[in-house]
Number of protein chains: 2
Amino acid sequence: MTQTKLLREQGVTAPAGFRAAGIAAGIKASGAPDLALVFNEGPDYTAAGVFTSNQVKAAPVRWSQQVLKGARLRAVILNSGGANACTGPGGFQDTHATAEAVAAALSEWGTETGAVEVAVCSTGLIGDRLPMDKVLAGVTEIVHEMAGGLVGGDEAARAIMTTDTVPKQVALHHKDNWTLGGMAKGAGMLAPSLATMLVVLTTDAKADAATLDKALRRATALTFDRLDIDGSCSTNDTVLLLSSGASEITPSPEDLEAAVLAACDDLCAQLQADAEGVTKRVTITVTGAGADDDALIAARCIARDSLVKTALFGSDPNWGRVLAAVGMVPFTIDPDRITVSFNGSPVFSDGAPMPGAREVDLSGADIHVVVELNQGPGQAMVRTTDLSHAYVEENSAYSS
Amino acid sequence: MTQTKLLREQGVTAPAGFRAAGIAAGIKASGAPDLALVFNEGPDYTAAGVFTSNQVKAAPVRWSQQVLKGARLRAVILNSGGANACTGPGGFQDTHATAEAVAAALSEWGTETGAVEVAVCSTGLIGDRLPMDKVLAGVTEIVHEMAGGLVGGDEAARAIMTTDTVPKQVALHHKDNWTLGGMAKGAGMLAPSLATMLVVLTTDAKADAATLDKALRRATALTFDRLDIDGSCSTNDTVLLLSSGASEITPSPEDLEAAVLAACDDLCAQLQADAEGVTKRVTITVTGAGADDDALIAARCIARDSLVKTALFGSDPNWGRVLAAVGMVPFTIDPDRITVSFNGSPVFSDGAPMPGAREVDLSGADIHVVVELNQGPGQAMVRTTDLSHAYVEENSAYSS
């Protein structure tokens, strides 16, 4: 990707053939922006999507999974201020009505669109019905706004924020004159399961649905699927990739995969840096496992351990807690062959602590934990954060 | 157990044939009590033990597992102030030397004892060698203290405390004139894996090792194995059951099992109530699973979820987080058939919230969450706590 320029602006409207908008529709009591639209002007309408593996799926997830089975994805409507999860048949009807309203407004504007070409994403508190009067009025307004010529990637990225403190966008300009853009939201309830947040990626590259799907699944498996803030998996996670083909360039599958991976990786780093209560950006790398999958399991065991995470909040190089966490993996390890390092300083080797292990400086904002199991070629990295007072505060004082 | 009296005093010295002591040997820098001894005067020396399933096992666990393979368990020496885990071959030699010193001191006192009849338990920070000069001097002192006639169950229970704020003891006096006693320590790094803390149980009932073993495994599976404070499993967990036979009464296996279960259950409740940072005592009950094992998996998924635990800290009936957690179980569920209740108030049923679901009062210290899956006869209960500021404080500001 060295010949490609990565920026963090414009996002979904960086590629040709996409418009977007973000407005305050009154779904959030605060009056903050809460409704976003991403619209594909074509000429192509191919798309791919990955969704939460949580068995409790929100109505918009179930709707969008159906939409992705169709041939075309014209538009994505996204709201914050309510997850529309666990809301029964009425909640699903609300999602359907939202897609119908978007399709009707786009058709009225002159782009004949069916509801089955409109994906829906929602985020916010689980369990409440959406205020549909506000959603439907907002849909009319946002389509008018977009039709007025707004190229509103920035506004869309702001409108999907919940506990996020900053919008997350990326734009990759490939040297061969095609572009990949994206936006993401997500700060808590982040744990791997295909994807764990709302993400919309757009590209003006030409690619068929199978190529998009392969590139997206590979990228999410290596990025969003390895971001684990709290082990809690959302009911609403959705990652969509839309192609307009407007560049009229068909990149090689390898170039497309590399671009999608780079965009997802950058959005993932932005999500980690803005996670709920974060004071430390932590990467857990496990090497020397029997297979990559085993390494990933071990890395997640460590990344989810509350005692490891509170120690890191305290800048405490408490490597014993890392050992205790890795000792719980469901495959056989040999503790005497494990080595552990913090920020490059070895702290444990040959079954015993290294000199100076308790004095490693972890006062900075970035902490790298590396665990070498010494039993094979498998390796994996997981991004996480510390477990701080702010995390407890945000998730106890605020119903989200 | 209605004809049996349960008290929370004396603990391991409540049954006939046991002596104990607890002293400050200088292992802890604070000068607090840190060395305990439990001694079986016989005539029987049968015993059973369960140990952590963590693959990273502390030296005293590996030593005591060997001791339990022998015919007799004479004494248990326990220290706080250091876990002696991840300390290499030197750490194991320290454990061995401690057992040798106890055996020598007891032999000198007139009770011919071998090191292989002495179990060792340690608790505290992982990764540091113990100050063996203090441990060995302490062993001599504690055996003298005990030989002096002290029946020191209370002192022993205090000497094994780490972040515990109160000692935990239990004594069950059976109507047939035999007694079961016990002590426990443990406040964090509590997660199910046979057992998750140091516990010594004693009885003057006569029972062979197989009977003791069966009663202990059944009881720990239903009690300590279902206490999950933070999902973190210790390297040092040990539960021992020693029989002196001094009552000369051989209870039925059923009576013995019931007594061991009742004692473990009571100690478990004491551990939960004194867990690190606890402000809420939480029980998660899952019913209607295909099998008890599935119910247990689901209950643990909920009990370990940071977002559920922070919501409960905030007295927030955020049932959507319970649904999101249960949606991650590795077996198939039907979200539309699940019902959830908080403290007896239904909050979710038929795929949608119940009226008043957001107004359930969770301001008290005890919270009962019941999840009915409606797919079979399986059920299980897990004890946990909330995730509070105090938990974060205790585990970030204190290297433990």
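**Close-up views of a predicted two-chain model**

**View 1. Buried residues of helix α7 in chain A.** In α7(A), the buried residues are A295(A), L296(A), A298(A), A299(A), R300(A), I302(A) and A303(A), as found in a model that is predicted. These buried residues of α7(A) are covered by elements of chain A that include the strands β11 (281-289), β15 (366-372) and β16 (378-385), together with the helices α8 (306-313) and α9 (319-326). An α-helix has 3.6 residues a turn, so residues three or four places apart point the same way.

**View 2. The length of helix α7 in chain A.** Helix α7 of chain A runs over residues 292-303, and because each of its 12 residues is taken at 1.5 Å, the helix should span 16 Å, which agrees with the 16 Å that separate its end C-alpha atoms.

**View 3. Helix α10 of chain A beside helix α10 of chain B.** The axes of the two helices, each formed by residues 389-396 of its chain, come within 9 Å and cross at roughly 170°. Because angles over 145 degrees count as roughly antiparallel, α10(A) is roughly antiparallel to α10(B). On the side of α10(A) the contact is made by H389(A), V392(A) and E393(A), and on the side of α10(B) by H389(B), V392(B) and E393(B).

**View 4. The relation between chain A and chain B.** Chain B is superposed on chain A, with an RMSD of 0.0 Å, by a rotation of 180° with 0.0 Å of shift along its axis, and the two copies are therefore related as by a two-fold rotation axis. The same surface serves both copies, since 100% of the contact residues of chain B recur in chain A. Among the residues of chain B, H389(B) comes closest to the rotation axis, with its C-alpha at 2.8 Å.

Note on methods
Residues are numbered from 1 along each chain as its sequence is written. Chains are lettered from A and ligands numbered from 1 in the order in which they are written. This is a predicted model: local features need pLDDT of at least 70, side-chain atom pairs count only at pLDDT 80 or more; totals for chains, interfaces and linings use all residues. Side-chain values use heavy atoms; hydrogens and water are left out. Axes are lines fitted to C-alpha atoms, for helices over the stretch in contact, and angles run from 0 to 180 degrees between N-to-C directions. Helices (H or I, at least four residues) and strands (E, at least two) are DSSP runs, numbered from the N terminus. Angles under 35 degrees count as roughly parallel, over 145 as roughly antiparallel, 65 to 115 as roughly perpendicular and the rest as oblique. Contact means heavy atoms within 4.5 Å. Copies are superposed by least squares on the C-alpha atoms of residues with pLDDT of at least 70 in both. The expected span of a helix is 1.5 Å times one less than its number of residues. Buried means under 20% relative accessible area, exposed over 50%, partly exposed in between (1.4 Å probe, protein chains only).
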